[in-house]
Amino acid sequence: KLTFRDVKSPQEFRHSETAEVVCDVISSPVPVVVWYYQDNEITKEYHRRFRVLPNNNLQIHQITKADEGVYRCEASVEARGEINFVDIAVVVNGEFLNFFSIHLHSTV
């Protein structure tokens, strides 16, 4: 049986950091995990800053406010025809703070 273990939502990150959206799912045999954002599958071709890690978490390089939203972690075990998913809200903090601090420093 596919089991999602303690997947938190929302998951919060700081603007411009490398984010790792956690989707801890286990099964035997090992599940295949696919990530979706705005109903589109996240693939390397279209999402250069995005990478699905070996542990099935989603890595987002230099995350921004534009990356906020609901991400779907979908796991399947083809041998059993089993499929399940969890939706994870991603929140990005600090963009405006960074903007103002840069602006203040540049006027000094």
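View 1. Not counting residues up to four places away in sequence, D67 touches Y37, R49, F50, I60, Q62 and V90, with contact meaning heavy atoms within 4.5 Å. This is a predicted model, in which local features need pLDDT of at least 70 and side-chain atom pairs count only at pLDDT 80 or more, whereas totals for chains, interfaces and linings use all residues. Residues are numbered from 1 along each chain as its sequence is written, and side-chain values use heavy atoms, with hydrogens and water left out.

View 2. Most residues other than glycine have a negative phi, and most peptide bonds are trans. Q62, which lies in the loop between β8 and β9, has a positive phi near 50°, and with 54% relative accessibility it counts as exposed. N56, found in the loop between β7 (50-52) and β8, has a positive phi near 80°, and its relative accessibility of 15% means that N56 counts as buried.

**View 3. The nonpolar core around L58.** The largest nonpolar core has 22 residues, and those with the most contacts inside it are V21, W35, L58, I60 and Y71; such a core is a set of buried Ala, Val, Leu, Ile, Met, Phe, Trp, Tyr and Cys residues joined through side-chain atoms within 4.5 Å. Two or more residues of this core come from each of β3 (19-21), β5 (32-37), β8 (58-60), β9 (69-77) and β10 (82-93). Leaving aside neighbours within four places in sequence, L58 is in contact with A19, E20, V21, W35, I42, F50, R51, V52 and Y71.

**View 4. The open sheet formed by β3, β8 and β7.** Three strands in the order β3-β8-β7 make up an open sheet with antiparallel pairing, where two strands pair if DSSP finds at least two bridges between them. The edge strands are β3 and β7, each of which pairs on one side only. Neighbouring strands of this sheet are turned by 20° against each other on average, direction ignored; the axes are lines fitted to C-alpha atoms, for helices over the stretch in contact, and angles run from 0 to 180 degrees between N-to-C directions. β7 and β8 pair in the antiparallel sense over three bridges, and the bridge partner of V52 in β8 is L58.

**View 5. The disulfide between C23 and C73.** The structure holds one disulfide, a term applied to a pair of cysteine sulfur atoms within 2.5 Å. C23 and C73 form this bond with their sulfur atoms 1.9 Å apart. The pair links distant parts of the chain, with C23 in the loop between β3 and β4 and C73 in strand β9, 50 residues apart. The torsion about the S-S bond of C23 and C73 is about -80°, so the disulfide is left-handed. C23 is buried, with a relative accessible area of 0%, and C73 likewise counts as buried at 0% relative accessibility.

Conventions: Buried means under 20% relative accessible area, exposed over 50%, partly exposed in between (1.4 Å probe, protein chains only). Helices (H or I, at least four residues) and strands (E, at least two) are DSSP runs, numbered from the N terminus.
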